[in-house]
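The following note sets out points on the structure shown below.

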Amino acid sequence: MTIIDAHSHLWLKQDTWVDGKRILSMKNGRSIFMDEEVQMMPPFMTDEANTAEIFLSNMNYAQVGGTVVVQEVIDGNQNAYLTEVQRKYPDRFFCMGMALSQTDEGMVWTLDEAKAIHKVGLKGIAFPGHRMKESLLGLIHIFKYMEEQGMVLSMCLGEDEHQIGEMREVIEECPELKVAIGHFGMVTTPAFKSQVMLARAGKNVMVESGGITWLYNAEFYPYPSAIRSIKEAAEWVGMDKLMWGSDYPRTITAITYKMSYDFVCKSKELTNEEKTLFLGQNALHFYGFKNLPELPYIKNMSE
C-alpha cells in the first residue's frame, strides 16, 4: 500500500510571538508555547531542531513514502529551511511556504511573498486560517496567483463556521486551485460537517486528517470515534475526497508515528479499498508524488 502523509511540520527552531505570547524551542523536545512549557516533540529529540532527516527515519520505519510539509505561525517562518528540504529530498517531500511579510502594519500576507515562495520552488502555501484575523476574501489576489501557478493551498479553518462562506467563495472564484482543508475539518467541533462539505464546492478540494489523533486524544488509540468520523465524512463527500495526515511531530508525543495511521489499517469498519484511497492513493494523485521509494517492512527486534 502506498502511504502518504498529507499534513506534517518541520522547523530548525521555533522562535516567534503569536498574539503577544511566546513560542520558543527548548531542549529535550520541549518548547515555550503561548507562555507555557509543553512537550512539543518526543523527548528523544533532544535539541531544538525538528529536521527532515529525523522525519525521514520515522517515515522509512513506518513505510510512509512521501509527506506534505505545511506551516503554522506558531512555528515561525520556515521558508528558508523548507526550500532546502525541497531541493534536497524532492521525491519524499512536498513543502509549502508561508506568505507573510514584515510591513509597517506588522506581519501581513502579501502577493510579493507568494511570488518569492513560488520562485524558490516551494509547491504550495499554507494558511492557518484558524489563527488569522483577516478576511479570506481579502487574500483572493494571492489565491488567484496560486491558481495560475499550479500551487496547492493548505487551509486550516477555525472551530466555528464564520469562515465557511468566505472559503466557499474562494473555491468558486478559483475553480482550478487545489485546496486541502486541514485538521479534518476540526472534526470534534461544531464546524466539522460544514468544513468537510467544502469538498463538494469544487472539483479540486480535498480534506486531510492532520491532527485527528490530537482532536481525539482524550479517547486515545485505537480512536474508534475517529474511524466513525472518517466513515461519516466519506458518506458526505466520498472517500476519494479524504486524505490521511499525521500532524507530525506534535502528535507523536503521545503515540508513535506509525500508530498515527495504523489504527486505520487495523479497523474492521473500513474496506481495503477505502484504506488504500485514504492512506495514500488520493494524496498521490492530488499532490503529484512521483518516484516514491519501496519501503520493505523491517521487523522489530522484540517481535
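1. In which loop does D247 lie? In this predicted model, D247 is placed in the loop between β14 and α9. The phi angle of D247 is positive, about 65 degrees, although D247 is not a glycine. Most residues other than glycine have a negative phi, and most peptide bonds are trans. With a relative accessible area of 6%, D247 is buried.

2. The loop that holds D247 is also the place of P249. The peptide bond joining Y248 and P249 is cis, with omega about 0 degrees. R250 lies in the loop between β14 and α9 as well, and the side chain of R250 meets that of D75 in a salt bridge with an N to O distance of 2.9 Å. Because R250 lies in this loop and D75 in the loop between β6 and α2, the pair ties together parts that are 175 residues apart in sequence. Both partners are buried: R250 has a relative accessible area of 18%, and D75 has one of 2%.

3. The bond from Y221 to P222 is cis, with omega near 5 degrees, and P222 is found in the loop between α7 (212-215) and α8 (224-237). F220 lies in that loop too. The phi of F220 is near 70 degrees, a positive value in a residue other than glycine. F220 counts as partly exposed, at 33% relative accessibility, whereas D247 is buried.

4. On the overall architecture, the secondary structure comes to 10 helices and 14 strands. The radius of gyration is 18 Å, close to the 19 Å that the globule rule gives for 303 residues, so the protein is as compact as a globular protein of that length. The C-alpha trace spans about 60 × 45 × 40 Å along its principal axes. Of the 303 residues, 56% count as buried. Among contacts between residues at least 6 apart in sequence, 73% join residues at least 24 apart.

5. Eight strands form an open sheet with parallel pairing, in the order β1-β6-β7-β10-β11-β12-β13-β14. The edges are taken by β1 (4-8) and β14, each of which has a single partner strand, so one side of each is left without a neighbour in the sheet. Helix α1 (residues 52-62) packs on this sheet and touches β1, β6 (66-69) and β7 (93-97); the direction of α1 makes about 140 degrees with that of β7. Within the sheet, β10 (residues 124-128) and β11 (residues 152-156) run parallel and are joined by five bridges. I125 stands opposite L153 in β11.

6. A further open sheet consists of four strands in the order β2-β3-β4-β5, with antiparallel pairing. Here β2 (15-18) and β5 (36-39) stand at the edges with a single partner strand each, so one side of each has no neighbour in the sheet. From one strand to the next, the twist averages 25 degrees. Strand β4 (residues 30-33) pairs with β5 over four bridges; R30 has Q39 of β5 as its bridge partner, and I32 stands opposite E37. The two strands form a hairpin with two residues between them, and M34 in the turn has a positive phi of about 50 degrees.

7. How many salt bridges does a search of the whole structure find? The search finds 10. One of them joins K13 to E48, with the closest N and O atoms 2.7 Å apart. K13 lies in the loop between β1 and β2 and E48 in the loop between β5 and α1, so this pair ties together parts that are 35 residues apart in sequence. K13 is partly exposed, with a relative accessible area of 31%, and E48 is likewise partly exposed, at 23%.

8. E53 and K88 form another salt bridge, in which the closest N and O atoms are 3.3 Å apart. E53 lies in helix α1 and K88 in helix α2 (residues 79-88), so the pair ties together parts that are 35 residues apart in sequence. E53 counts as partly exposed, at 37% relative accessibility.

Conventions
Residues numbered from 1 in each chain as written. Predicted model: local features only at pLDDT ≥ 70, side-chain atom pairs only at ≥ 80, totals over all residues. Heavy atoms only, no water. Pairing = 2+ DSSP bridges. Axes fitted to C-alpha atoms, helices over the stretch in contact; angles between N-to-C directions. Rg over C-alpha atoms; globule rule 2.2 N^0.38 Å. Buried < 20%, exposed > 50% of the residue type's maximum accessible area, 1.4 Å probe, protein only. Contact = heavy atoms within 4.5 Å. Salt bridge = Lys/Arg side-chain N within 4 Å of Asp/Glu carboxyl O.
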